[in-house]
Amino acid sequence: MDEDRVKKLVRELIIEVGEDPTREGLRETPERIANMYKEIFSGYDSDSELAVQFSEDSDVVIARDIQFYSMCEHHMLPFFGKIHIAYSPNGRVFGISKLVRLVEKYSKRLQIQERLTKNIADELYSQGVKGVVVLADAEHLCMKMRGVRNDATLSSSAFRGIYENKEEKESIMTLIRKRASDSSF
């Protein structure tokens, strides 16, 4: 990303909306926006590090409530929520932080929720696991702040491998929805 170009564009945008970019409160805004974009769009250059695996088998691994923040590619407004990932290892498990890195890799881009869900499932499944489930629940400011102005949330899901089977899908969905306080595998 060309930070100097972003700064110039933001300065022009400030002028176009009718503000004075030399005003005290706006003077540093182009630089702040450029720095923010570098951070929130870092997913284009990130690595999920899924190569960090350990020899261990398990029936299923579930990571619940992975928080994410992303930017709607249609209006460049935030959407945010939680992602739940379940996978059935094939003799190897991933370092747990790698699932969070995987979510960040795809959420820190201009994105739509459905593609975000699919991208996470596809990359995880490509690592040779038996099956993957990714569920995403999010609020979209592009829908809350403008347009229909509604507080609805969106849920999306992706199922790969063994979890494409109806019985396996129902079984894993029950496990994912269980809260930690009542988990009794």
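Between domain 1 and domain 2 about 600 Å² is buried, with carbon and sulfur atoms giving 62% of that area; buried area here is the accessible area, with a 1.4 Å probe, that two parts lose on being put together, summed over both. Phe41, Gly43 and Tyr44 supply 65% of what domain 1 buries against domain 2, more than any other three residues.

This is a predicted model, where local features need pLDDT of at least 70, side-chain atom pairs count only at pLDDT 80 or more, and totals for chains, interfaces and linings use all residues. Residues are numbered from 1 along each chain as its sequence is written, and side-chain values use heavy atoms, leaving out hydrogens and water.

The domains themselves are 3-44 for domain 1 and 51-182 for domain 2, with bounds from an automatic or database domain assignment. Their C-alpha centres lie 32 Å apart. Seven residues of domain 1 are in contact with seven of domain 2, contact being heavy atoms within 4.5 Å.

Next, the rings. There are four aromatic pairs in the structure. In one of them, Phe68 and Phe79 have ring centres 5.9 Å apart and planes at 75°, so the pair is edge-to-face. The rule pairs rings of Phe, Tyr and Trp (its six-membered ring) with centres within 6.5 Å; planes under 30 degrees apart are stacked, over 60 edge-to-face, the rest tilted.
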